[in-house]
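Work through these exercises with the model open. Try each task before you read its solution.

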Amino acid sequence: MAEAAWRREHVPGGQRGKRPPPEGEPAARPFREAVSAAGRYLVSHRRCLQRNCDLNFPEREYVGDTTDDHTLLWLLNHIRVGIPELIVQVRHHRHTRAYAFFVTATYESLLRGADELGLRKAVKAEFGGGTRGFSCEEDFIYENVESELRFFTSQERQSIIRFWLQNLRAKQGEALHNVRFLEDQPIIPELAARGIIQQVFPVHEQRILNRLMKSWVQAVCENQPLDDICDYFGVKIAMYFAWLGFYTSAMVYPAVFGSVLYTFTEVDQTSRDVSCVVFALFNVIWSTLFLEEWKRRGAELAYKWGTLDSPGEAVEEPRPQFRGVRRISPVTRAEEFYYPPWKRLLFQLLVSLPLCLACLVCVFLLMLGCFQLQELVLSVKGLPRLARFLPKVMLALLVSVSAEGYKKLAIWLNDMENYRLESAYEKHLIIKVVLFQFVNSYLSLFYIGFYLKDMERLKELLLVLSLSQSLERQLRAVLVPLAALRFRLLLLSLQGLLLAARAKVRAGGEPSGVACAGDRAHRAEGACAKGGVGRPQARGGMETRWVCP
């Protein structure tokens, strides 16, 4: 049974106000107002849900509209009826004015979900070992199935609940406000695409994060805990960091060989040419061995994590953002959205292609402008040596800024082209971005190396581009998110202080403050895990816990 914990408001004089309404009496106020008023009495998330909360999706509040009650109850009722295995708790955040649905499930429900999802789990040695798809009928053959805490990892629990939420489907003729659903259309992705649901994300477990911080982030000269990363973040993230660590380790060989070769190279041009040829041959052999060794290492990890022979999706769902005219499918005879291919082709020829070519031309002109500025700087006598690098630094900044701008343009063009499947959307987005990134990043190097044939300028430009891009990645990955988080926490703190000050002013101006405060304290109803209304259960002192019936 899930619980929602509420804290009563302290009332001077020891009075608590009116008693809550009887159990059989219906709530007098709408559901939205109940959750909003009770939001200030919520205790911390760690105390309330502990390890059970897996997914959280805030829902926007329609300010000045009366449709909040209908939206919340409609979605909560569909989750309760469509996915009876889920346990849902509703909370309201007063600072962000957002409603959150905390979703979890019991261990028995997760086992049934693993059977539906075909989750691969390790088999006990006496039953043959290896991995196979989970089956509730033969649950005794799997390792650690007796332990609720050890059988499912955090990522597996989240995958099961996400699978249920993604497969919550609408019936024929269902609608929410101006959103009309097709028959058997997924509800959650469609509401997220329309902006009614802001986001769906898993909630972190601080205990596991602290352990990963010690064994992964703070560890020096130690192997990455890839199994722990896979258990918490999933196979895709773990495979990325496995490749990153393998690539970093493999780079030691060309670094050592290049350093030794550079040390024993003579100053004459013939010796330098021979060293370049030898190092190029070494890199060709090294890259071939690196790719083959990574294939083997990747296959080992995929087998270990149960994804080596996992089947692909038989039928790919349409993108929630896909729009078109409604029609009856000639294949399935079901209602679907249809977008004529000639419209997409016309947009590609008249809009996408000209804009992409215009961006490439602009990049080329900006590069020529930086080279002309470089020539102007070199022609001036008496300038310090660092001044020679200013045009190159400007070129590096232009490369980064133009890449970000074009990426946003490519996403907009892809959205306007309106692809039905996510695979087609990603394929065309990759084509646009990779084409521009290649021209944007390497055009200046090809121009200097093959047209101007100035090796010294090529070395300087390559050094500046490499250092600037590395610095940009570090700033974007570490400093910018940290600064944004600090700024957001500061804003929330200021909002909290402002609300507290307003509450003190209001309390001082009310002549009957005791009765009003007590009345407000008992006007909070609890949102049940299954969508009903909670009943109060006394805990003593200043605290009341609302337990779902």
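**Exercise 1.** Which residue forms a salt bridge with Asp-184, and how far apart are the closest N and O atoms?

Solution. Keep in mind that this is a predicted model.
- Step 1: find the partner. Asp-184 pairs with Arg-169, and the closest N and O atoms are 3.9 Å apart.
- Step 2: apply the cut-off. A salt bridge needs the nitrogen within 4 Å of the carboxyl oxygen. The value of 3.9 Å therefore passes this limit.
- Step 3: Asp-184 sits in the loop between β8 (179-180) and α7 (187-194). Arg-169 sits in the loop between α6 (154-166) and β7 (175-176), so the bridge ties together parts 15 residues apart in sequence.
- Step 4: Asp-184 is partly exposed at 47% relative accessibility. Arg-169 is partly exposed too, at 24%.
- Step 5: look at the backbone. Asp-184 is not a glycine, yet it has a positive phi of about 70°.

**Exercise 2.** Which residue forms a salt bridge with Arg-319, and where in the chain do the two partners lie?

Solution. 
- Step 1: name the pair. Arg-319 bridges to Glu-422, with 3.5 Å between the closest N and O atoms.
- Step 2: locate the partners. Arg-319 is in the loop between α12 (269-304) and β10 (325-328), while Glu-422 is in helix α15 (residues 422-452). The pair links distant parts of the chain, 103 residues apart.
- Step 3: sort by exposure. Buried means under 20% relative accessible area. Arg-319 has 7%, so Arg-319 is buried. Glu-422 has 31% and is partly exposed.

**Exercise 3.** Where does UniProt place the feature "transmembrane region"?

Solution. 
- Step 1: read the record. The unreviewed UniProt entry gives residues 240-262, 274-291, 345-368 and 429-452.
- Step 2: compare the record with the model at residues 240-262. That span is 96% helix and 0% strand, and its end C-alpha atoms lie 33 Å apart.

**Exercise 4.** Which residues line the largest cavity?

Solution. 
- Step 1: count the cavities. There are four of 30 Å³ or more. The largest has a volume of about 100 Å³.
- Step 2: list the lining. It consists of Val-363, Leu-366, Met-367, Leu-395, Leu-398, Val-399, Ser-402, Val-439, Asn-440, Leu-443 and Ser-444.
- Step 3: assign elements. Those that give two or more residues to this lining are α13 (341-379), α14 (390-417) and α15.
- Step 4: The lining has eight nonpolar residues, three polar and no charged.

**Exercise 5.** Why does the ring pair of Trp-243 and Tyr-247 count as stacked?

Solution. 
- Step 1: check the centres. They are 5.2 Å apart, and rings pair if their centres lie within 6.5 Å.
- Step 2: check the planes. They meet at 5°, so the pair is stacked. The cut-off for stacking is under 30 degrees.
- Step 3: place the residues. Both lie in helix α10 (residues 235-250), four residues apart, about one turn of the helix.
- Step 4: Trp-243 is partly exposed at 31%, and Tyr-247 is partly exposed at 32%.
- Step 5: Ring pairs link Trp-243, Phe-246, Tyr-247, Trp-286, Phe-290 and Trp-294 into a cluster. The count of aromatic pairs comes to 24.

**Exercise 6.** Is Asn-418 buried or exposed?

Solution. 
- Step 1: find the residue. Asn-418 is in the loop between α14 and α15.
- Step 2: read the area. The relative accessible area is 8%, so Asn-418 is buried.
- Step 3: check the backbone. Asn-418 has a positive phi of about 60°, although it is not a glycine.

Notes. Residues are numbered from 1 along each chain as its sequence is written. This is a predicted model: local features need pLDDT of at least 70, side-chain atom pairs count only at pLDDT 80 or more; totals for chains, interfaces and linings use all residues. Side-chain values use heavy atoms; hydrogens and water are left out. A salt bridge is a side-chain nitrogen of Lys or Arg within 4 Å of a carboxyl oxygen of Asp or Glu. Buried means under 20% relative accessible area, exposed over 50%, partly exposed in between (1.4 Å probe, protein chains only). UniProt positions are given in the numbering used here, feature names are shortened, and annotations may be inferred rather than shown by experiment. On a 1 Å grid over the protein atoms alone, a cavity is a set of points where a 1.4 Å probe fits but cannot get out, and a pocket is an open set with protein on both sides within 12 Å along at least five of seven lines; lining residues have an atom within 4 Å of a point. Grid points are joined across faces, edges and corners, and a volume is the space filled by probe spheres set on the points. Ala, Val, Leu, Ile, Met, Phe, Trp, Tyr, Cys and Pro count as nonpolar, Asp, Glu, Lys and Arg as charged, and the others, Gly among them, as polar. Rings of Phe, Tyr and Trp (its six-membered ring) pair if their centres lie within 6.5 Å; planes under 30 degrees apart count as stacked, over 60 as edge-to-face and the rest as tilted.
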